[in-house]
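Subject: Structure handover

Hello,

Here is the structure for you to look over. My notes come after it.

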Amino acid sequence: MEGKIDYEAGISNIGNVSDIKQLMYRAACGEPVTIAFLGGSITQGSLASRPENCYAARVIAWWKQTFPKADITYLNAGIGGTTSQFGCARVQHDVLEQEPDLVIVEFSVNDESTSFYLETYEGLIRKILSYQKQPAVMAVHNVRYDNGANAQIQHGKIARHYQIPAVSMQSSIYPQVVNGSISGPDITPDDLHPNDYGHKLVADVIIYDMKKILADDETDAGISSNKHRLESDRQRTKKKALPAPLTCNKYEAAVRYQAMQPAASDSDMIRQISVKGFLKDETSQSGLTDVFKHGWVAREPGAAIVFEIEASEIAVQYRKSVKKPALSARVVLDGRQSESVLLDGNFEQDWGDCLYIDTLLYHGDCKKHTIEITTIQTDQEAVIPFYLASVIASK
């Protein structure tokens, strides 16, 4: 079945592969390599029967098999239900501080195909590329298998602009679902998240491109013995200048502010100026996907928390709960009560609690703003507290 897939068509952008090739030289020579995956639930491994069956782990397995001398470190930073808007705010802490050599980015089914996500995705890619270690980057475009929808048109603009290698399930696996060569239910039970076999196919598309990079101008044996070229590449490596951004690029500097883990760079940008009824969540976080930690919790209507933020982009991140009824809140920007936004703590879908983002200010004036969040009385007495996970902002 998988032989029908056009893997060559799956390469949506060849890009500049010199950084990945150099990493392969290093791995072949036995140097340690760290590969990180950043994305949503597909990257996290949703619906794979075991963690080792998800596409990211399968790609790592190929690296370990291909470069047995290297110590390959695998970092999976996938968080379900999240977009590149959150990605650019968390990538520093969740990925870059682990000093990755290669970052594989996957947000094409979580982002919408809009100019907003074109900008947030560009901010994320620029933040990775400009990090001091200059990791290599590859983009992965997953797809909905019921209608072929994704944000590849927008994300592809960024991949081409920054010469990032990119692979697409929209142009490789999805056409076989459309023509009946592959049955959708055989690879995904919900038309989105791959099962074990679907994860294998996604991994195969990525690995095909990596094999091409490996084979380009070199045999496996040639790469393994090419220490001289490795040292030469190291000596030539300089901080690479990025091209001018395609968008207004307001999200490259995005930061995330939490009750227990404020980023060091937040101190002059975001501050809490008053609180009543919101308590800091001081419970320990069990892992990256244990997302409802280090925020603020309110259990009764009338609780309020106020922040002052110097920024042009502001968003609040909170929990939408599948258990109901959940306490909700209203947020007011700069005292404009008539323009308040409802933060509904109730989630209408059933796949699990959602780490939701509401954008309050987009391309606004970069000045000091206040946001006031107040929990509200509803018709039913809430049994689930309101959870404010973080404030996200950028100048």
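Below are my notes on salt bridges, backbone geometry, a helix and a strand.

Please keep in mind that this is a predicted model.

**Salt bridges**

The count comes to 13 salt bridges. I will go through three of them.

Start with aspartate 101 and arginine 26. Their side chains meet in a salt bridge, at 3.1 Å from N to O. Aspartate 101 sits in the loop between helix 4 (84-94) and strand 4 (102-106), while arginine 26 belongs to helix 1 (residues 18-28), so this pair ties together parts that are 75 residues apart in sequence. Both aspartate 101 and arginine 26 are buried.

Aspartate 101 has another partner. Its side chain also meets that of lysine 133 in a salt bridge, with an N to O distance of 3.2 Å. This pair again links distant parts of the chain. Lysine 133 lies in the loop between helix 5 (115-129) and strand 5 (136-141), and the two residues are 32 apart. How do the two ends compare in burial, buried or partly exposed? Aspartate 101 has a relative accessible area of 8%, which is under the 20% cut-off, so it counts as buried. Lysine 133 has 34% and is partly exposed. Salt bridges with shared partners join Arg26, Glu31, Asp101 and Lys133 into one network.

The side chains of arginine 90 and aspartate 94 form a salt bridge at 3.0 Å, N to O. These residues are four apart in helix 4, so about one helical turn separates them. Arginine 90 is buried, at 2% relative accessibility. Aspartate 94 is buried too, with a relative accessible area of 11%.

**Backbone geometry**

- The peptide bond from lysine 324 to proline 325 is cis, with omega near -5°. Proline 325 is in the loop between strand 12 (313-320) and strand 13 (328-333).
- Glutamine 134 is not a glycine, yet it has a positive phi of about 50°. It lies in the loop between helix 5 and strand 5. Glutamine 134 is buried, with a relative accessible area of 16%.
- Glutamine 163 is not a glycine either, and has a positive phi of about 55°. Its place is the loop between helix 6 (152-161) and strand 6 (166-168). That puts the positive phi just after helix 6.

**Helix 6**

The buried residues of helix 6 are Gln152, Gln154, His155, Gly156, Ile158 and Ala159. What do they pack against? Their neighbours are strand 1 (11-13), helix 5, strand 5 and strand 6.

**Strand 12**

How many residues of strand 12 are buried? Eight of the eight are, so the strand is largely enclosed by the rest of the structure. Glu313, Ala315, Gln317 and Arg319 point one way from strand 12. Ile314, Val316, Tyr318 and Lys320 point the other way. Both sets are buried.

Strand 12 has antiparallel pairings with two strands that I want to flag. With strand 17 (residues 386-394), the pairing runs over six bridges. There, tyrosine 318 has leucine 388 as its bridge partner. With strand 15 (residues 354-361), the pairing runs over seven bridges. In that strand, aspartate 358 is the bridge partner of valine 316.

Best wishes

Technical notes
Residues are numbered from 1 along each chain as its sequence is written. This is a predicted model: local features need pLDDT of at least 70, side-chain atom pairs count only at pLDDT 80 or more; totals for chains, interfaces and linings use all residues. Side-chain values use heavy atoms; hydrogens and water are left out. A salt bridge is a side-chain nitrogen of Lys or Arg within 4 Å of a carboxyl oxygen of Asp or Glu. Buried means under 20% relative accessible area, exposed over 50%, partly exposed in between (1.4 Å probe, protein chains only). Contact means heavy atoms within 4.5 Å. Two strands pair if DSSP finds at least two bridges between them.
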